[in-house]
Amino acid sequence: MSANPNVVAFGTITRREVVRILRIWMQTLLPSAITMTLYFVIFGRMVGSRIGEIADGIQYIDYIVPGLIMMAVITNSYGNISSSFFGSKFGRYVEEMLASPMPSWVILAGYVTGAVLRGLIVALIVLAISLFFTRIHLYHPWITLSTVLLTAIVFSLAGFVNAVYAKKFDDIALVPTFVLTPLTYLGGVFYSVNQLGSPWREISHANPILYMVNAFRYGLLGISDIPMWTAYAVMLAFAVVLAAIALTLLRRGVGLRS
Amino acid sequence: MTTTPALDVVELKKTYANGVEALKGVSLRVQPGDFFALLGPNGAGKSTLIGILSSLVNPSSGDARIFGVSIREQRSAAMRLIGLVPQELNFNMFEKPFDICVNQAGFYGIPRAEAGERAEKYLKQLQLWDKAFQPARTMSGGMKRRLMIARAMMSEPKLLILDEPTAGVDIEIRRSMWKFISAINAAGTTVILTTHYLEEAEQLCRNIAIIDKGRIIENTTMKSLLSKLDVETFVLDLERPCANLPEVPGVAFSRVDDVTLEAEMSREHDLNSMFAALTERGIAVRSMRNKANRLEELFVRLVETGSADAGKAAA
């Protein structure tokens, strides 16, 4: 039986992305490991030991582990696809794919899968590092897994849209610096939004990262500031809308075909 | 029985967002198995046309069919039939040639094992096998050009489009590329070639189209185009300086320097009579050569006048 051409093409892009991630592991995998180790040492052990329990029976260091893993997943899935796809535009080898019979959705799926895999690899690395500082109990494995997957997909798609519009390398650095990092810090990684007064608590609910961090925290620790159905609805809505935008841009050749 | 053309371009138009009208209604037909030259000056619309055929540029209107398959209605099926060697290097310089070729095959749905065999075959045929597992950026300019051809051959296309494949390549490598492309054509692949080396087009191609300012100004066989060249210019190197320009009926002489003359003459006028007249006047010719390649001379005239009748008019 001959292989489905789209499956082969999808596998080719995914494989190429994984090879790239592993080839430049000092740029793709190591930085998050170092940064998160520092977070665990400073915020978890040094500051966290003074804070003690933040919720019923939950130490501060345990509380921040889910948020830090999500922070790594978000920055890595976004950064992987934006730099890789923009690099292919910049070096013009995106034309190899655009001039091939591959449908647009295969190109998108291949790049997103590559970025999601980097997010998952980094999540595992950060999880492994966290085990040096605390013990993790997995309360809801499926919620944990589905949340990390959905989050990686949402930010891969967002990174892809960024790369499509980007004309220079600065354009793919702006969003992580001025949008992603602030939203992540304000997304309940280090604190519970219930501790905030009005109107900051309400404003925080406009931040999609809040829902992702809380769903993941629920999966790992069994606590959340947000009802699970709301968190899933937000994540799914972002995934669907961003996928539709990315696919439309790719089909129309925005920033790719003249 | 009529044969489906390898390429059938119908009233293709392209206006870019900045208002530049790159193609103003191009129609063109290339028969299966042909070795076809698409010539034109810089900015004539060649690359836009090739960009549309390979789906890298969106057409404004019109259509093109590759072996009967519309690039607008059945893009994927049409792209499966085309191989493209673009003008600019467009592969990842950090990847290895073997991986570049195998990945290209993968984009066309060719399984990895088969892709590996093809990569080895084409990289060997193009004398790149010893560089197959080194980063592409370490290769010379000529090697990079050949890699683009090997990559385009990975899908074994029925129609191969080469956009200035030998630009900046030394003559030895250029000749080896001609040999390879001729063999591909002889094996049944239709080839469309754009080049600024007109002797290359004259040697390789059977049919030709000249595009200028977004319009096809000539589309015929190479033989019939060359037959339009009624005037040829020769450069004569003399034994000794000649003081005055000789006057020979049917030949217009001009001086390049003391011992070099240019002779422009009608093709109806035979060379023997010119030499006899020069000998009679005591002018000895040491050597003679064509001032320019025949196709080059025609090309310049056609583009200068901008009409298909230019060849005759210039004569």
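Let's start with chain A, residues 23-253: that stretch is 76% helix and 2% strand, and its end C-alpha atoms are 29 Å apart. Keep in mind that this is a predicted model.

Now the helix α11 of chain A. It covers residues 228-252, 25 residues in total. From first C-alpha to last it reaches 36 Å, close to the 36 Å expected at 1.5 Å a residue. Which of its residues are buried? Met228(A), Thr230(A), Ala231(A), Val234(A), Met235(A), Ala239(A), Leu242(A), Ala246(A), Leu247(A), Leu249(A) and Leu250(A). An α-helix has 3.6 residues a turn, so residues three or four places apart point the same way. And what do the buried residues of α11(A) pack against? Four helices of chain A: α4 (60-90), α6 (104-130), α7 (141-165) and α10 (208-221). Just after α11(A) comes Gly253(A), with a positive phi of about 75°.

On to chain B. The domain assignment gives domain 1 at 7-225 and domain 2 at 228-314. The C-alpha centres of these two domains of chain B lie 37 Å apart.

Next, a sheet in chain B. It is open, with four strands in the order β2-β1-β4-β5, and the pairing is antiparallel. The edges are β2 (21-30) and β5 (69-70) of chain B; each has a single partner strand, so one side of each has no neighbour in the sheet. Strand β1(B), residues 7-15, is joined to β2(B) by seven bridges. In that pair, Lys13(B) stands opposite Lys24(B). Helix α1(B), residues 46-53, packs on the sheet and touches β1, β2 and β4 (61-66) of chain B. Its direction makes about 115° with that of β1(B).

How values were computed:
Residues are numbered from 1 along each chain as its sequence is written. Chains are lettered from A and ligands numbered from 1 in the order in which they are written. This is a predicted model: local features need pLDDT of at least 70, side-chain atom pairs count only at pLDDT 80 or more; totals for chains, interfaces and linings use all residues. Side-chain values use heavy atoms; hydrogens and water are left out. Domain bounds come from an automatic or database domain assignment. Two strands pair if DSSP finds at least two bridges between them. Contact means heavy atoms within 4.5 Å. Axes are lines fitted to C-alpha atoms, for helices over the stretch in contact, and angles run from 0 to 180 degrees between N-to-C directions. The expected span of a helix is 1.5 Å times one less than its number of residues. Buried means under 20% relative accessible area, exposed over 50%, partly exposed in between (1.4 Å probe, protein chains only).
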